[in-house]
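Welcome! Please take a look at the structure below, and then we can walk through it together.

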Amino acid sequence: MIDKQKLLTHFDNDLELLSEIFEELRALSKRNINLLEKSIADKNFEAIEREAHTIKGACSNFFAQKVTDAAFVIEEKGRSKKSDNLENDFKVLNELVIELISEVELLIKGENAA
Amino acid sequence: MKKKSKVLVVDDDMVNGKYLSKQLLKEDLETEFLSDGTKCVETVMSGDFDLVLLDVIMPNITGVEILRKLRETYQPLELPIIMVTARDETDDIVEALNLGANDYLTKPVNVQIAKARVSNQLMIKNFYLSSIEKKKLETLNAMIITYNHEINNPLAIAMGNLKENKDDLSDKNYNKIREAIERITDIVKKIDNINQGTVEFESYAEGSLMIKAK
């Protein structure tokens with residue numbers, strides 16, 4: 001899912017910085033995914049747009065296009081106040097974020113071991 | 001030792017904000033990260049920052065609103081502000097640039113571009129500050145020339161004449177004493193005019209100005 005080369009270049013091959021920012025992503029994804037789920041349940045479109053935007057911005061630093069695209073779909077629905085299929089969109093995004101976290105974690109472990 | 005430039009990174013997104021702060025630290029810049037946009041104006045006012053990197057979309061207050069508030073106090077040359085936006089926020093970028101943002105970056109921020117843009121804005125700001133400093137030095141120099149040319153030298157002559165003739169109050173010397181006192185009166189008037197700011201710059205010699213009382 002992630003573009004390893006782009007990601008390492010983005011962090012100047014600085015694994016310490018990558019690990020530190022990754023921990024921020026891990027914390028942010030937990031917090032904002034929960035907030036997004038609640039916003040969708042409440043049909044709070046302003047919050048839906050905001051939380052999806054934050055997830056999109058944070059994940060864009062890890063060059064996982066699929067995740068940012070999925071977050072963008074939800075952000076757009078929040079902006080235009082469309083609730084169709086939002087639960088499913090959220091499910092897709094949530095799975096992709098979990099996958100992203102797992103891939104970056106493996107990448108850091110692998111690079112550290114190398 | 002040269003003072004490091006101080007950059008404030010404002011972004012509710014901890015990932016992006018911390019990433020930018022850490023990357024700019026590598027450029028020998030002092031950075032501070034703020035995730036709460038509502039505290040931005042207050043932080044800038046109390047922090048002696050040289051540049052602000054400002055996210056556009058934030059909860060409670062947008063980057064554009066913060067920009068508008070900061071521009072009420074700081075001109076673009078005094079405090080460069082670079083907006084950080086998502087690629088799809090073209091309208092916000094245009095609005096921010098119209099409101100006095102100096103430049104913008106899109107997320108994910110390419111750190112080489114960010115460093116270059118920050119460096120450009122700091123260079124422009126430093127050039128502006130040194131031009132103000134140069135103007136101050138020119139004024140100081142002009143004051144020194146004024147002091148010597150308009151005040152010190154004429155005063156020395158008048159005081160000399162007065163001293164030379166003060167003990168002989170004959171008719172012959174009366175006019176000399178009166179002229180010396182009139183000169184001293186003129187000099188006092190000039191000092192008063194300079195104090196009141198009714199002055200103009202005049203070329204004194206090549207490359208030098210003097211302040212002339214109007």
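How many helices and strands does chain B have? Chain B has six helices and seven strands, where helices (H or I, at least four residues) and strands (E, at least two) are DSSP runs numbered from the N terminus. This is a predicted model, in which local features need pLDDT of at least 70, side-chain atom pairs count only at pLDDT 80 or more, and totals for chains, interfaces and linings use all residues. Residues are numbered from 1 along each chain as its sequence is written, chains are lettered from A and ligands numbered from 1 in the order in which they are written, and side-chain values use heavy atoms, with hydrogens and water left out.

**Chain A**

- Chain A has five helices and zero strands, which gives the pattern α-α-α-α-α along the sequence.
- Along the principal axes, the C-alpha atoms of chain A fill a box of roughly 45 × 20 × 20 Å.
- Of its 114 residues, 47% count as buried (buried means under 20% relative accessible area, exposed over 50%, and partly exposed in between, with a 1.4 Å probe and protein chains only).
- Ile48(A) lies in helix α3 (residues 45–60) of chain A and counts as buried because its relative accessibility is 0%.
- Beyond its neighbours within four places in sequence, Ile48(A) is in contact with Leu36(A), Ser39(A), Ile40(A), Ile74(A), Gly78(A) and Leu86(A), where contact means heavy atoms within 4.5 Å.

**Chain B**

- From the N terminus on, chain B runs β-α-β-α-β-α-β-α-β-α-α-β-β.
- Chain B has a radius of gyration of 28 Å, whereas a compact globule of 214 residues would have one near 17 Å.
- The C-alpha trace of chain B spans about 90 × 30 × 30 Å along its principal axes.
- Of the 214 residues of chain B, 39% count as buried.
- Leu169(B) sits in the loop between α5 and α6 (171–196) of chain B and counts as exposed because its relative accessibility is 69%.
- Between Leu169(B) and Asp88(B) there are 81 residues in sequence and 91 Å in space, C-alpha to C-alpha.

**A nonpolar surface patch**

- Leu137(B), Leu140(B) and Ile144(B) form a nonpolar patch on the surface, with about 300 Å² of accessible area together.
- Patches are made of residues with over 30% relative accessible area and no salt bridge; like charges are joined within 9 Å, and nonpolar side chains (Val, Leu, Ile, Met, Phe, Trp, Tyr) within 5 Å.
- Accessible areas come from the Shrake-Rupley method with a 1.4 Å probe, and for residues only the protein chains shown count as cover.
- Leu137(B) is found in helix α5 (residues 111–165) of chain B and counts as exposed because its relative accessibility is 52%.

**Where the chains meet**

- At the interface, 22 residues of chain A are in contact with 21 residues of chain B.
- The two chains bury about 1,800 Å² between them, 57% of it on carbon and sulfur atoms; buried area is the accessible area (1.4 Å probe) that two parts lose on being put together, summed over both.
- On the chain A side, His10(A), Glu24(A) and His53(A) lose the most area to chain B, together 27% of what that side buries.
- Four salt bridges cross this interface, a salt bridge being a side-chain nitrogen of Lys or Arg within 4 Å of a carboxyl oxygen of Asp or Glu.
- Glu24(A) forms a salt bridge with Lys18(B), their closest N and O atoms being 2.7 Å apart.
- Glu24(A) is buried, with a relative accessible area of 15%, while Lys18(B) is partly exposed at 23%.

**Salt bridges within the chains**

- Lys115(B) forms a salt bridge with Glu27(B), with the closest N and O atoms 3.3 Å apart.
- This pair links distant parts of the chain, with Lys115(B) in helix α5 and Glu27(B) in the loop between α1 and β2 (30–34), 88 residues apart.
- Asp50(B) forms a salt bridge with Lys125(B), their closest N and O atoms being 3.4 Å apart, and both Asp50(B) and Lys125(B) are buried.
- In chain A, salt bridges that share partners join Glu49(A), Lys56(A), Glu75(A), Glu76(A) and Arg79(A) into one network.

Note on methods:
Rg over C-alpha atoms; globule rule 2.2 N^0.38 Å.
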